[in-house]
Amino acid sequence: MQERKNLARRRFAVLAAATLGAMTLLPVAALAQSGAWPAKPVKLIVPFPAGGSTDSVGRLLAAELSKELGQSVIVENKGGANGNIGSDVVAKAEPDGYTLLLSGVGSNAISYAVYQNMPYRNSDFAHISLLATGPNVLVANMEFPGKTFADFIKLARENPGKYTHASSGSGSSGHLAMEMLKQDAKIDLVHVPYKGGAAAITDMIGGRVSVMFLNQDTLLPQVKSGKLRALAVASAKRNPAYPDTPTVAESGYPGFSAESWFGLSAPAKTPPAVIQRLNQATVKALGSPEIRQKLEAVGFVVVGDDPKSFSAFVDNEITKWGKAAKASGARMD
């Protein structure tokens, strides 16, 4: 009888130890699988100051995700170094699903090629969903003699080094978009970098710079008001906000693409169950009529895909922009 009691005690002790060990080893995964996540507010890091396109997209998404997740999603702006400072915060955050990144073409594709000392790599992130894309638009000042994209290419070829192209900064998507076009079209333009798009637009309107590639939402008011002339959009298809403006691809350069984009990402090693929950909530949020209306009104194309597709998209973007940056020689400290 005593032996049976001792055997039962030993079996109970082994079972209890195994159960305790499993609970200790997998706390985050267990939390996610139990359906308890999110149990507190989620922080969305927007790696740019308030007021810009990235901030606007982040706040629209946060409002809808809060409804879908049943917890507040709080936007926190951490600008600096073309989005690298905020992105680094997320790369080093606890992978528990409570710190997310509004990722984008600058900090999560171009920066890897133009910054000499990057504090993070693409492998530091788990990508959740591509949110929206928007093309760079090639515009000319109203005094520029070319009225069409074909005119621009012809004039640039006949007058190498005569015309200037502005950008919102060395290594920006607009700068590298023009570098790609210069290589494809074999044209020579003088680069004039500015500290931001607003200053570049001012000089474009004043006729001090010839042409420029810049994000479609930023340029739309100037194009609609007749202060700048749109020559081409750098997306695969025509943009709904610029219905009469041809693409660079259809104008003789098939495959040409230079788009800004926004995505949702998390630290690497975030539990798969949390990533899946976030993906489902994000795709549903992007279906909101309010989000679609506001983004599409300024030329964004709403996407919403799965983690595998978004990860492959980011890999392709890193390769594409890396080649453009190398050809341009753009480097940042």
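**Entry 1: the largest pocket**

Which residues lie nearest the centre of the largest pocket? I looked this up in a predicted model, and found Phe-48, Asn-82, Ser-168, Ser-172 and Asn-215 nearest the centre, out of 40 residues that line the pocket. I noted a volume of about 870 Å³ for this largest pocket.

I then asked which element gives the largest share of the lining. Helix α5 does so, with five residues. I recorded that at least two lining residues each come from α3, β3, α5 (105-114), α7 (173-185), α8 (197-205), β7 and β9.

**Entry 2: strand β1 and its neighbours**

I turned to strand β1, residues 42-46, and found four of its five residues buried. Strand β2, residues 73-77, runs parallel to β1 and is joined to it by five bridges. Within this pairing, I saw that Leu-44 has Val-75 of β2 as its bridge partner.

Strand β3, residues 99-104, is also parallel to β1, and three bridges join the two. Here I noted that Ile-45 stands opposite Leu-101 of β3. I followed the chain from β1 through helix α3, residues 53-69, to β2, and recorded a right-handed β-α-β unit.

**Entry 3: aromatic pairs**

How many aromatic pairs does a search of the whole structure find? I recorded 12. I looked at two of these pairs in detail. Such a pair is described by the distance between the ring centres and the angle between the planes.

For Phe-149 and Tyr-253 I noted 6.1 Å from centre to centre and 80° between the planes, an edge-to-face pair. Phe-149 belongs to helix α6 (residues 149-158) and Tyr-253 to the loop between β8 (228-233) and β9 (259-267), so this pair ties together parts 104 residues apart in sequence. Are the two residues buried or exposed? Phe-149 has 5% relative accessibility and so counts as buried. Tyr-253, at 13% relative accessibility, counts as buried as well.

Phe-213 is in strand β7 (residues 211-215) and Phe-256 in the loop between β8 and β9, so the pair links parts that are 43 residues apart in sequence. I found Phe-213 buried, at 0% relative accessible area, and Phe-256 buried at 4% relative accessibility.

I also recorded a cluster, in which ring pairs link Phe-144, Phe-149, Phe-152, Tyr-163 and Tyr-253. As a separate ring contact, I noted that Lys-40 lies over the face of Tyr-98, 4.7 Å from the ring centre.

**Entry 4: backbone details**

Where does Pro-38 lie? I placed Pro-38 in the loop between α2 (27-33) and β1. The peptide bond leading from Trp-37 to Pro-38 is cis, and its omega is near -5°.

I then recorded two lysines with positive phi. Lys-186, a residue other than glycine, has phi near 55°. Lys-186 lies in the loop between α7 and β6 (190-193) and is exposed, with a relative accessible area of 68%. Lys-269 is likewise not a glycine, and its phi is positive at about 75°. I located Lys-269 in the loop between β9 and α10 (272-286). Why does Lys-269 count as exposed? Its relative accessibility is 77%, and exposed means over 50%.

Technical notes
Residues numbered from 1 in each chain as written. Predicted model: local features only at pLDDT ≥ 70, side-chain atom pairs only at ≥ 80, totals over all residues. Heavy atoms only, no water. Buried < 20%, exposed > 50% of the residue type's maximum accessible area, 1.4 Å probe, protein only. Pairing = 2+ DSSP bridges. Right-handed = clockwise from strand over helix to strand, strands pointing away. Phe/Tyr/Trp six-rings, centres within 6.5 Å; stacked < 30°, edge-to-face > 60°. Lys NZ or Arg CZ within 6 Å of the ring centre and 35° of its normal. 1 Å grid on protein atoms, 1.4 Å probe; cavity = no way out; pocket = protein on both sides within 12 Å on 5 of 7 lines; lining within 4 Å. Points joined across faces, edges and corners; volume = space filled by probe spheres on them.
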